[in-house]
Amino acid sequence: APVCTLSRIDEPLPVLGGDVHVPLVTGGETPYAALDYAASAPALQRVWDDVAAYAPYYGSVHRGAGHLSQLSTELFEQSRQTVAEFLGCREGDQVVFTRSTTDSLNLLAAALPPGTRVFVFETEHHAALLPWQARGSDVTYLDAPRSPEQAVATLESALHAAPSGPKLVCVTGASNVTGEVWPVRELARAAHRHGARLVLDAAQLAPHRPVSLSELEADWVAFSGHKLYAPFGAGVLAGRADWLRAAEPYLAGGGASRRVSRTADGTVEAEWHTTAARHEAGSPNVIGAYAVASACRALTEAGFDRLVAREEELLARLRKGLAELPEVRVLSLFGEEADQVGVVSFVVEGWNSSHFAAALSAEYGIGVRDGLFCAHPLLRALLGQQGDAPGECGAPDGASGELPGSSAGVTPTLNAVRVSFGAGTPDEH
Ligand code: PMP
């Protein structure tokens with residue numbers, strides 16, 4: 001199985017001198033199946049090896065003539081090139097290294113020309129749903145579509161009715177809840193027909209399918225390294241340079257500024273870079289970028305055809321097994337025929353999903369996600385319930401250790417269980 005296994009999970013893990021112990025599972029030799037790739041996928045051994053080989057030599061990027069600094073600058077820029085190739089970037093596109101998809105989309109939200117109207121389906125992950133309004137844009141929220149065709153039609157009519165001016169559509173490539181693949185190219189074409197641009201949230205799509213800006217005709221794409229078999233800390237925003245170049249730097253600081261001088265009135269004036277460095281102020285995360293590039297290379301070499309075929313086998317097995325259980329309802333917007341990556345969410349009749357997930361971990365050594373997956377409006381659309389849920393997305397609201405979904409005054413069934421995996425490079429897991 002393409003899962004990482006911990007062979008003895010009843011003992012403290014060998015980190016922090018063995019002080020860390022989560023005594024939930026008492027299964028002795030039970031292998032542990034981590035089936036929460038949609039949240040974070042285990043880094044490939046090859047990525048760890050690449051990082052370990054480079055680690056003794058790292059220095060600060062773009063910071064001088066020292067040999068290690070130059071080596072790091074070279075690796076950082078090579079990593080950018082590798083990512084550009086992985087994403088099918090067009091001539092003139094920029095690849096900006098960020099911290100994550102959330103960071104990338106916030107960067108773009110901060111870089112929109114004044115007056116840009118944003119169009120976003122309510123079904124998006126909060127990282128793609130929230131930055132636009134939070135950063136001052138007017139947003140048109142679109143109702144959950146029930147088929148890919150309806151998604152395109154809904155977008156078309158919203159764009160048709162929109163006033164003139166700059167417009168941006170933000171859409172997911174594959175849902176982190178249903179795993180369903182969205183019709184990105186058709187949506188991009190619809191956007192372009194109405195003079196809008198499109199940013200693709202590929203946090204879930206990129207680990208499972210080839211993502212090419214030129215083939216999908218998208219204007220920008222965002223993804224996170226930690227879902228793409230690299231460790232945490234680095235993400236990417238790639239795409240058209242013009243809006244990025246015209247915007248104020250996302251962060252003000254060293255690295256983003258080409259020249260800074262005192263002015264006659266006693267203040268300072270900065271001249272900013274027009275390359276990706278404009279939005280990468282501070283000492284760049286060269287290890288993170290290098291790890292992302294390593295993962296991109298590993299996936300490309302493994303070949304998406306092979307990865308998709310393996311993942312589809314696993315997905316078919318999971319779906320068949322779930323279909324045999326009458327208590328289980330698999331969540332879907334587009335129906336059974338939908339194209340889907342290895343992400344499946346479901347509810348089990350008579351069970352609170354959080355308790356169900358806890359039981360899977362404690363009794364069977366299967367680690368899955370439960371809750372609302374940082375996509376609250378989507379869960380409401382799928383489960384057809386009103387109500388509010390506790391802060392399952394991020395840190396729990398209280399420090400009580402209470403299971404999400406079990407606190408008084410909330411609808412306990414407004415949550416689901418999610419099983420997610422990827423073929424990655426199967427030989428390495
Ligand atoms: N979009 C989607 C579809 C996601 O699944 C996630 C992570 N669950 C994000 C955006 C945000 O990614 P990150 O937490 O790495 O910023």
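Helices here are DSSP runs of H or I with at least four residues, strands are runs of E with at least two, and both are numbered from the N terminus. Most residues other than glycine have a negative phi. Phe373 is also buried, with 25 other C-beta atoms within 10 Å. A residue is called buried if 20 or more other C-beta atoms lie within 10 Å of its own, exposed if 12 or fewer, and partly exposed in between, with C-beta atoms placed from the backbone.

A word on what you are looking at: this is a predicted model, in which local features need pLDDT of at least 70 and side-chain atom pairs count only at pLDDT 80 or more, while totals for chains, interfaces and linings use all residues. Residues are numbered from 1 along each chain as its sequence is written.

Glu217 has a positive phi of about 60° although it is not a glycine, and its place is in the loop between α8 (213–216) and β7 (220–224). Glu217 counts as partly exposed, because 17 C-beta neighbours lie inside 10 Å.

Now step back to the whole chain. It divides into domain 1 (16–43 + 303–428) and domain 2 (48–301), with bounds that come from an automatic or database domain assignment. Where the two meet, 31 residues of domain 1 are in contact with 29 residues of domain 2; contact means that the C-beta atoms of two residues, placed from the backbone, lie within 7 Å. On the side of domain 1 that touches domain 2, the elements giving two or more residues are α11 (304–323), β12 (343–348) and α13 (376–383). The largest share, four residues, comes from α13. By class, this side of domain 1 has 20 nonpolar, eight polar and three charged residues. Here Ala, Val, Leu, Ile, Met, Phe, Trp, Tyr, Cys and Pro count as nonpolar, Asp, Glu, Lys and Arg as charged, and the others, Gly among them, as polar.

Where does the ligand lie? Both domains give residues to the shell around the ligand, so it lies between them. Of the 15 residues around the ligand, Ser100, Thr102, Asn176, Ala203 and Ser224 come nearest; a residue is near a molecule if its C-beta atom, placed from the backbone, lies within 6 Å of it. Helices α3 (101–111) and α4 (126–129) each supply at least two residues of this shell. The shell has six nonpolar, eight polar and one charged residues.

Next, the sheet. Seven strands form an open, mixed sheet in the order β2-β8-β7-β6-β5-β3-β4, where two strands pair if DSSP finds at least two bridges between them. At the edges are β2 (94–98) and β4 (138–142), each pairing on one side only. From one strand to the next, the twist averages 20°. Strands β5 (residues 167–172) and β6 (residues 196–201) run parallel and are joined by six bridges; Thr172 has Asp201 in β6 as its bridge partner. Helix α7 (residues 184–193) lies across β5 and β6, at about 155° to β6. Axes are lines fitted to C-alpha atoms, for helices over the stretch in contact, and angles run from 0 to 180 degrees between N-to-C directions.
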